[in-house]
Each structure stands twice: as C-alpha cells, then as structure tokens.
Amino acid sequence: MVQVEVIKTDALGDRSYVVHDGEVALVVDPQRDVDRVEALVAERRLRITHVAETHLHNDYVTGGAELARRHGAAYLVAEGEGVRFDHRPVRPGERIGVGGLSVRAVATPGHTEHHVSYVVEDGAEQAVFSGGSLLYGSVGRTDLVDPNKTAELTRAQYRSARELAEQARPDAALYPTHGFGSFCSSGPAAETDISTVGEQRERNHALTEHDEERFVEQLIANLTDYPAYYAHMAPLNKDGPGVPELTVPEPVDAAALRERIVAGEWVVDLRNRVAFANKHLAGTVSFEYGDGKHFTTFLGWTVPWGEPLTLVGPGGEVRAAIRDLARIGIDRPDVAVGDPASGLAGDHPRSSFPSVGWEEVADEFAKGNPPTVLDVRRADEFKSQHVEGALHIPLHELLSRMDELERGRRLWVHCGSGYRSAVAASLLESGGHSVVHIDGDYSEAASAGVPVT
C-alpha cells in the first residue's frame with residue numbers, strides 16, 4: 001500500500017512528502033528544517049532509504065542533502081542539474097525500488113529545465129509527486145530559470161503536464177510541492193487539499209486547453225512579480241546546504257540594539273502591526289510575525305540580501321521567525337527578546353503613526369479633500385482595481401523609489417490586507433515621511449464608500 005504523510009509549510013505555500021510502505025520511506029522535496037521529517041518518521045517507526053528532489057527549488061532552501069547524509073539514504077536528483085554534492089543521478093524512465101514500492105522518474109521540464117516527477121506504485125495503488133509541474137488547477141511558473149527561456153519552458157511545461165497525465169492512472173492521487181500559496185505557481189491554484197490525475201484532466205487548464213500556443217500566450221501574460229530572494233535559492237541548493245541553527249542566540253543588550261538602529265541597520269519588530277503603529281522604537285521596521293503566513297515571503301522580498309538583521313519581539317515569535325527565515329537561507333539573525341515599546345533599547349526614542357480602517361479613508365474623501373493614497377500592492381493587483389487617484393509603488397520597489405514621493409504630504413498607505421502597508425508605512429516613516437497605515441482588507445474599500453476605479 002502506498003502511504004503518504006504530508007508535511008505542510010504554509011508560510012511558503014509548499015508541501016513535502018514522506019512516502020512509505022509501512023516500514024521503508026522515500027522523502028520528496030524536504031524543506032531545510034529536517035527535524036520535522038525526522039519527528040514524523042520516528043513516530044511512524046519508518047526507515048528513510050531514499051530522498052528525492054523533483055527540481056532545484058527557487059523558493060526555499062532544501063534539506064535533502066542533509067537528510068540523506070544523516071540517514072545514509074540515496075539522494076535522487078535529476079541528471080543534468082549540475083549539483084555539487086554526492087547524489088544518485090536520476091534518468092527519465094528509470095525505476096527505483098523503495099521497500100515494497102516502485103518509483104518511476106518522469107521527465108517533466110518546464111518549471112525548471114531538468115524537472116522530474118515521480119510515479120510511485122505498489123501494483124494496486126499509484127501516487128504522483130509532481131513538484132512544480134502539474135499543480136492543483138495550475139502548473140508551476142516558467143520564468144524563474146532565464147527570462148530568455150520562458151517561452152521555450154512554457155511549451156515544455158504544457159507538454160510535460162500532458163505527458164505526466166498520460167503516464168498515470170486517472171485514480172492516481174496527485175501530490176504537488178507548490179500551489180498552496182507559493183509564488184512558484186503560474187496562477188491561482190485550486191483551493192483543495194487533495195486531488196487525482198483524473199480530476200486534473202477535467203479541471204486543469206494545462207490539460208483542458210488543447211491549443212498549445214494559446215496556453216503559452218495566456219500563461220506568460222498572467223505571470224506576476226515574484227520575491228527577490230528567489231535569485232539566491234537555486235545557487236544555495238546546488239551546494240547541498242547543511243542543517244540550520246534554529247536555537248535562539250544570546251540576545252543583544254539595550255546599548256547594542258540602540259547602536260544598530262542609529263546606524264540604520266535592519267531592526268525588525270515582530271509584534272502585531274497595529275501595536276507597532278501605536279508605539280515602536282523609531283527607525284525600526286514592522287514585519288508582523290502573527291501566524292507566519294506572510295512574514296517570510298515579504299521580509300525576504302523587501303530586505304536586501306545579506307544585510308545584517310536583528311529581530312525584536314516576544315520570545316516565541318523570535319524563535320518561530322528564526323526557523324522560517326532559515327528556510328530561505330537567512331541564517332543566524334541577531335535578536336532582542338521582549339517588548340520593543342518598553343525599554344528594550346534603553347532611552348532610544350519611540351514613535352507612532354495612525355492606523356485606520358477604510359471608513360476613515362472614506363470620511364476623508366467625503367470632506368472634499370481626498371487624501372494622498374499610496375497603493376503598495378503588486379502591479380497586477382493595482383491594474384485589476386484601485387482607489388481613484390492613488391499613487392502606486394509596489395512594496396518590493398519602495399526602497400529604490402522612495403524619492404518619487406513628495407515630502408511634507410501625508411501618505412495614506414494600503415495593500416490587500418494591511419500587512420504590506422504596515423511594512424511600507426514603517427519604511428516611509430523611517431525615511432522621514434508622514435504616514436497613515438490603512439489596516440483593512442481592500443475588498444471592503446468600495447463598500448465603505450471609498451471611490452475605486
């Protein structure tokens with residue numbers, strides 16, 4: 001029997017899988033914090049003999065090399081990836097035995113040039129591990145390898161999805177790595193926890209669209225911006241990164257924290273964004289940890305790669321943030337544990353700015369003196385609909401374009417939910433701008449009375 005255990009990484013929109021026969025296990029696309037995998041296999045009393053990558057990942061640092069080393073497992077990586085560590089090269093069509101299971105590699109280029117999927121079966125059951133190829137309702141994006149190869153890889157993605165669907169039974173369970181909020185998806189994936197190859201044949205646009213050129217045109221037209229840190233993931237993964245250090249380091253003292261803020265280093269406040277707006281250490285930046293859903297992606301997208309980073313906030317959130325950041329290769333940040341608004345940096349000045357809902361924005365429009373609204377959503381979001389007269393600078397472009405904004409005029413900053421606008425408002429305030437943070441879901445703007453177009 002093909003048994004599958006799912007390990008979700010919701011913060012990045014990805015999943016890893018432990019596939020087993022009750023005794024022997026294959027781990028597919030493990031995240032870097034492999035202790036989650038090891039806890040699961042220990043609980044199930046499994047033995048890891050194989051670890052497999054579907055591709056060199058662009059949105060996270062793999063734990064595959066370290067997991068294989070720890071367990072003496074064969075590390076399956078597609079032939080041609082050019083990795084710089086010990087591995088077992090996998091060729092398309094090759095079959096590999098894992099306990100009582102048979103694992104067949106299927107070439108599925110598109111998301112990356114050497115992408116492979118794995119069809120696992122025991123004779124009676126079949127499961128497909130499709131990585132960034134065939135997703136739930138979508139396919140993996142095709143512009144991450146090289147902009148000049150996007151059209152070529154999009155055609156390959158179309159053919160790969162259809163070939164994979166042909167090589168698997170309709171009742172085969174489908175287990176993609178991406179598509180649960182990951183920017184590696186080429187479009188919104190279906191909101192479902194499980195699917196089959198047969199279901200995707202009826203619902204997935206890569207399988208229902210029979211005109212290849214139209215598919216290519218539509219997919220490329222719908223590609224949106226993706227996080228800047230993606231550029232650093234594949235190079236790290238080629239080296240076979242080691243296990244991260246997830247313990248909380250010795251906190252910096254008040255004097256050191258104050259010096260870092262004054263020097264203009266990145267000091268990140270993990271508290272709730274409204275609490276930050278009400279009172280924070282002047283010069284710090286708001287990246288609310290919360291449930292971790294947005295934290296990793298937007299911090300990795302905003303903070304320039306490799307710059308010194310200090311996390312401040314409650315101990316539990318600091319610990320969780322260290323783990324999340326390690327998944328994208330940001331290791332060993334410094335920390336200051338406690339309430340940043342009460343003495344954590346000694347007598348360093350505090351600051352604040354208003355945080356309002358859409359009703360307050362509507363009141364300003366009703367007074368006949370429209371506020372200067374800054375929209376920090378992505379270009380595709382702004383194009384779909386926006387507040388009348390709004391300025392637009394996506395959050396990931398704000399640092400390089402801040403001089404486009406007039407000083408002395410209060411900026412009312414919004415995004416889709418209030419998260420990105422809190423980051424933007426804190427950056428703008430640190431840069432000397434007067435700001436109001438709009439903390440509300442953009443879908444409620446029109447009903448609150450804000451004019452949109």
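Me: Two strands pair if DSSP finds at least two bridges between them, and strands (E, at least two residues) and helices (H or I, at least four) are DSSP runs numbered from the N terminus. With that set, how many bridges join β22 to β23?

Reply: Heads-up: this is a predicted model, where local features need pLDDT of at least 70, side-chain atom pairs count only at pLDDT 80 or more, and totals for chains, interfaces and linings use all residues. Residues are numbered from 1 along each chain as its sequence is written, and side-chain values use heavy atoms, leaving out hydrogens and water. Trp-412 is bridged to Val-436 in β23. Strand β22 (residues 411-414) runs parallel to strand β23 (residues 435-438), and the number of bridges joining them is 3.

Me: How does α10 pack with α15: at what crossing angle?

Reply: Phe-295, Phe-298 and Thr-302 supply the α10 side, meeting Tyr-419, Arg-420, Val-423 and Leu-427 in α15. The axes of α10 (residues 295-302) and α15 come within 11 Å, and the crossing angle is roughly 35°.

Me: How far apart are the axes of α10 and α11?

Reply: These two pack at an angle of about 65°, with α11 covering residues 315-326. Phe-295, Thr-296 and Leu-299 of α10 make the contact with Ala-321, Asp-324 and Leu-325 of α11. The axes of α10 and α11 are apart by 10 Å.

Me: What word describes how α3 and α6 sit to each other?

Reply: Thr-150, Ala-151, Thr-154, Arg-155, Tyr-158 and Arg-159 in α3 meet Glu-212, Glu-213, Phe-215, Val-216, Leu-219 and Ile-220 in α6. The axes of α3 (residues 150-167) and α6 (residues 212-221) come within 9 Å and cross at roughly 120°. Under 35 degrees counts as roughly parallel, over 145 as roughly antiparallel, 65 to 115 as roughly perpendicular and the rest as oblique. The pair α3 and α6 is therefore oblique.

Me: In the open sheet of 6 strands, which are the edge strands?

Reply: The order is β7-β8-β9-β10-β11-β12, with mixed pairing. Each edge strand pairs on one side only, and these are β7 (95-98) and β12.

Me: Which residue meets Lys-8 in a salt bridge?

Reply: A salt bridge is a side-chain nitrogen of Lys or Arg within 4 Å of a carboxyl oxygen of Asp or Glu, and the structure holds 37 of them. For Lys-8 the distance is 3.3 Å, N to O, and the partner is Asp-193. Lys-8 lies in β1 (residues 3-9) and its partner in the loop between β11 (173-176) and β12 (195-196), so parts 185 residues apart in sequence are tied together by Lys-8 and Asp-193.

Conventions
Axes are lines fitted to C-alpha atoms, for helices over the stretch in contact, and angles run from 0 to 180 degrees between N-to-C directions. Contact means heavy atoms within 4.5 Å.
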